[in-house]
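Hi everyone, thanks for coming. Let me put the model up on the screen, and then I'll walk you through it.

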Amino acid sequence: LPVKILEVRSVGPSLGAENIRTSLLAALSGLLLVGVFMVVVYRLPGAVAVVALSLYALFNLAVYSLIPVTLTLPGIAGFILSVGMAVDANVLIFERVKEELRSGNTLIRSIDTGFSLAFSSILDGHVTGLISCLALFTLGTGLVKGFAVTLAIGLLLSLFTALTCTRTLLRLLMTYPALRRPTYFLPASQLPTGVA
């Protein structure tokens with residue numbers, strides 16, 4: 001079949017820079033809204049997740065400057081998608097912790113069990129995403145490769161921050177007796193009777 005040109009578009013440097021600036025603003029606004037959501041829904045663990053996600057964002061920027069990665073629109077999309085995976089990992093962990101608290105376990109045991117029960121789901125999701133990144137990088141071209149690279153970096157860092165940073169921060173907070181209250185994790189109405 002003959003090749004026919006249907007459409008040709010040129011984007012000027014100022015328009016491209018404006019698109020990237022707008023995308024970064026959208027990404028930061030999304031991060032802020034997700035942080036508020038996590039604190040409202042998950043209470044103390046939500047605040048821990050916000051700190052872990054902030055570390056995650058800093059780690060991403062550090063790796064982007066080391067490699068170096070040029071942030072194009074697909075690259076920003078890969079970063080935003082990896083932020084979603086990082087939030088999802090924290091949600092899985094915190095929902096497991098809440099389930100354990102509802103079943104009557106102690107707070108420390110609920111945290112440890114929540115992390116161990118959520119581990120396989122988090123690992124499966126991230127490994128699947130990394131396989132997709134590998135396929136996109138090997139079979140894709142230019143912009144698709146940028147998306148694959150930023151997403152892969154984000155997935156690896158997300159796995160690290162969810163399983164290491166979040167756990168370490170939670171365990172550190174549990175060394176303070178004033179913070180060792182199940183009501184900081186779950187509303188009192190959802191806790192078994194006699195637990196406060």
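Glu99 is partly exposed, because its relative accessible area is 41%, and here buried means under 20%, exposed over 50% and partly exposed in between, with a 1.4 Å probe and protein chains only. Before I go on: this is a predicted model, where local features need pLDDT of at least 70, side-chain atom pairs count only at pLDDT 80 or more, and totals for chains, interfaces and linings use all residues. Residues are numbered from 1 along each chain as its sequence is written, and side-chain values use heavy atoms, leaving out hydrogens and water.

So, who does Glu99 pair with? Its salt-bridge partner is Arg96, with the closest N and O atoms 3.8 Å apart; by salt bridge I mean a side-chain nitrogen of Lys or Arg within 4 Å of a carboxyl oxygen of Asp or Glu. Both residues sit in helix H3, 3 residues apart, about one turn of the helix. Arg96 has 28% relative accessibility, so Arg96 counts as partly exposed.

Helix H3 holds another pair, Lys98 and Glu95, again 3 residues apart. Their closest N and O atoms are 3.8 Å apart. Is Lys98 buried or exposed? Buried, because its relative accessibility is 9%. Glu95, at 28%, counts as partly exposed.

In total the structure has 3 salt bridges. One of them joins Arg171 and Asp112, at 2.9 Å from N to O. This pair links distant parts of the chain: Arg171 is in helix H5 (residues 142–173) and Asp112 in helix H4 (residues 107–139), 59 residues apart.

Okay, zooming out. The chain comes to 5 helices and 0 strands, where helices (H or I, at least four residues) and strands (E, at least two) are DSSP runs numbered from the N terminus. The C-alpha atoms fill a box of roughly 75 × 30 × 30 Å along the principal axes. Of the 196 residues, 33% are buried.

How do helices H2 and H3 pack? Helix H2 (residues 44–66) and helix H3 (residues 73–102) meet at an angle of about 150 degrees, with axes 11 Å apart; axes are lines fitted to C-alpha atoms, for helices over the stretch in contact, and angles run from 0 to 180 degrees between N-to-C directions. That makes H2 roughly antiparallel to H3, since angles under 35 degrees count as roughly parallel, over 145 as roughly antiparallel, 65 to 115 as roughly perpendicular and the rest as oblique.
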